[in-house]
Amino acid sequence: MTDTRDAAPVQPPHADTRDHLRTHHGDEVNDRYEWLRSKDDAAVLAHLEAENAYTDARTAHLAGLRDRIFDEIRGRTLETDLSVPTRRGSWWYYGRTVEGSEYGIQCRAPLAGDDDWTPPALEPGVPVPGEQIILDGNVEAEGHDFFSLGSFEVSTDGTLLLYGTDVEGDERYTLRLRDIASGQQLADEIPGTFAGASLSPDGRFVVYSTVDDAWRPDTVWLHEIGADAASDTRLFHEPDERYWVGAGFTRSDRYLVIEVGSSITSEEFLVPADDLRAEPRSVWPRREGIEYSVSHAVVGGEDVLYVLHNEDAVDFELVRVRASDPTGERTVVIAHESGRRLDGLSTFRDFAVVGYRRDGLQRLALFDYARSAMAELEFAEPLYTVGMGGNPEWAPPVLRLGYGSFVTPGAVYDYVVASGELILRKQQPVLGGYEASDYAQERLWATADDGTRIPVSLVWKRSFGTPGGDGGARALHLYGYGSYEHSIDPSMSVSRLSLLDRGVVFAVAHVRGGGEMGRQWYEEGKLLHKRNTFTDFVAVARHLVDTGWTSPDRLVAEGGSAGGLLMGAVANLAPQLFAGVLAAVPFVDALTTILDPSLPLTVIEWDEWGDPLHDPGVYAYMKSYSPYENVREDAAYPRILAVTSLNDTRVLYVEPAKWVARLREVGADALLKCEMSAGHGGVSGRYNSWRERAFELAWLLDVVGLAD
């Protein structure tokens, strides 16, 4: 394979080493790069800038390829476009994108009448009768390097807009209110809030959450519109550092639901929406290891709660209780079935929709209240993703759905409940002559070290032949995550086409720790079973090599956040299997982070990773796999690119900065790219994000010898 990197010598920045001793459970560690944690230290900032300059120099030869990939992404995207309108109250709500603008524009247009359930077919360049612009993200972003919209909600009567903005990337949002008709800002302004605020159904109040010093949302507040925010009422506070808090109104507008949860335990409280200062009432008292969620409905004229829970039901069951007596008699309406993981329930006036996973795929079913029966919605593709779209109304005759696959661009459907008809409202346009039939997708299975079968999803362009068959071994991009029961479902990506069209195969390793195969799949990839996540990924990579899909010199792995931990771990476990590793905002200094309860998210993460601060067994186990702790002197590492953000509050920039410095000590070819005005999700703005992805994909193509 030809190495297309510049021949001119470029020296990497040198990070000083400074003694920093820590001792836990009798184990003393000298963490010599811990000084890089001092974000406000001029020396730290200078080092990060030097890392960026080094990365720029080392990748300068890819500038032309980056530009071409950016142009390809842009060329396939309909830049001036409109979303499918969603009905709420007397209006159709939708978003616009405009060529040359980074951010979306939120708009609305009036209904034709009360019986109007057919969204207007909007076309770029064609005026929409009665259109009102509610919020223009480009205007809000003026003067800021970063912009993110956290909350966006219109009052039930359609007169007020509630929205939250973050201009730093630290996920602290300032809430504001606007009179839509006049465009005037109200005096109400609440800084330092968490995402996800709500307007009360009567439009008199705002319900919002704030965080503690460890970035844990711990308090729910009630703000009366027009009053001084200093006098806001504290509705609920959770003192236990293991639990997050959130709040939102039921679709029926009957209750405010306050949700309290860790990764293994939850509790929900109800407050009548017409008496928001009432004492929150627990649905089921908290019990360690029991998770549940509630949905309100009216069945036979009675207020009931549908409760999805995992008590003696690993993959969850659904029961119905009286809202007036939720701890009383339970009626099982969907019994537990092993291998069918019930994910959620959306209740409407006349029916509900059940979301669940089976055989590694997300499913949806219509639920009949009277018969407690499910009718699954069926789709033809063997691999696909389906989910509920925007459905704010309480009594709709149609349901909005989103659908897609690796080869089918994202589509918006309306499902007619009475007839079962599925009406395509819009499919994501992919310009440049895209044909889904030019690409193939497949599910295969690899075998883990303990005999467990690991699902692998793949997509490739047919014209290059079948990988491992007439197409031979191909360059392959292998993605993984494997934490928090989060599933990586099939979806089409415009930017990914720049790889597929150059002959690269894309694959997802659905490793344990994710949720693809049910709750047990998650349980077998967390706490003292976490190593399964890493060895599963290695097993998938070996299977793809052994069966001729790819070869180690043409295989690049990618993962982000907790998936970045996966990347660091597999680089240590099997460096010879990979030509490159792309780690985005990687959680690679996991032990240091989880040992420090003052850091963001640490205490609530103990249910996921274990508590190494108080448990010597957990400490030893985490130390055995944490990537930074286990960089190997004897390994020939693949090329590594770590991407991070200075203002990330979830995975601090210091983790990849320390990791890269340590990798360089053992001779690894490691690059660090640190965005200086961004958060956990990277840069803001669609053109900026396209350029960021073009940078990463150009590096990946260079690694596999396809940069020409």
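1. In this predicted model, Gly404 in strand 29 is the bridge partner of Thr385. Strand 29, which covers residues 398-404, pairs with strand 28 in the antiparallel sense, and the pairing runs over 4 bridges.

2. These two strands belong to an open sheet of 4 strands, in which the order is 28-29-30-31 and the pairing is antiparallel. Strand 28 (385-388) and strand 31 (422-427) form the edges, each of them pairing on one side only. When direction is ignored, neighbouring strands of this sheet are turned against each other by 30° on average.

3. Turning to the helical part, helix 6 spans residues 531-546, a run of 16 residues, and the distance from its first C-alpha to its last is 22 Å, close to the 22 Å expected at 1.5 Å a residue. The helix is followed by Gly548, a residue whose phi is positive, near 85°.

4. Which residues of helix 6 are buried? They are Asn532, Thr533, Phe534, Asp536, Phe537, Val538, Ala539, Val540, Ala541 and Leu544, so that the buried set includes Asp536 and Asn532 as well as Phe534 and Phe537.

5. On the cysteines, the count of disulfides comes to 0, the criterion being a pair of cysteine sulfur atoms within 2.5 Å. Cys107 counts as buried because its relative accessibility is 1%, and Cys674, at 3% relative accessibility, also counts as buried, the cut-off for that term being under 20%.

Key. Residues are numbered from 1 along each chain as its sequence is written. This is a predicted model: local features need pLDDT of at least 70, side-chain atom pairs count only at pLDDT 80 or more; totals for chains, interfaces and linings use all residues. Side-chain values use heavy atoms; hydrogens and water are left out. The expected span of a helix is 1.5 Å times one less than its number of residues. Buried means under 20% relative accessible area, exposed over 50%, partly exposed in between (1.4 Å probe, protein chains only). Two strands pair if DSSP finds at least two bridges between them. Axes are lines fitted to C-alpha atoms, for helices over the stretch in contact, and angles run from 0 to 180 degrees between N-to-C directions.
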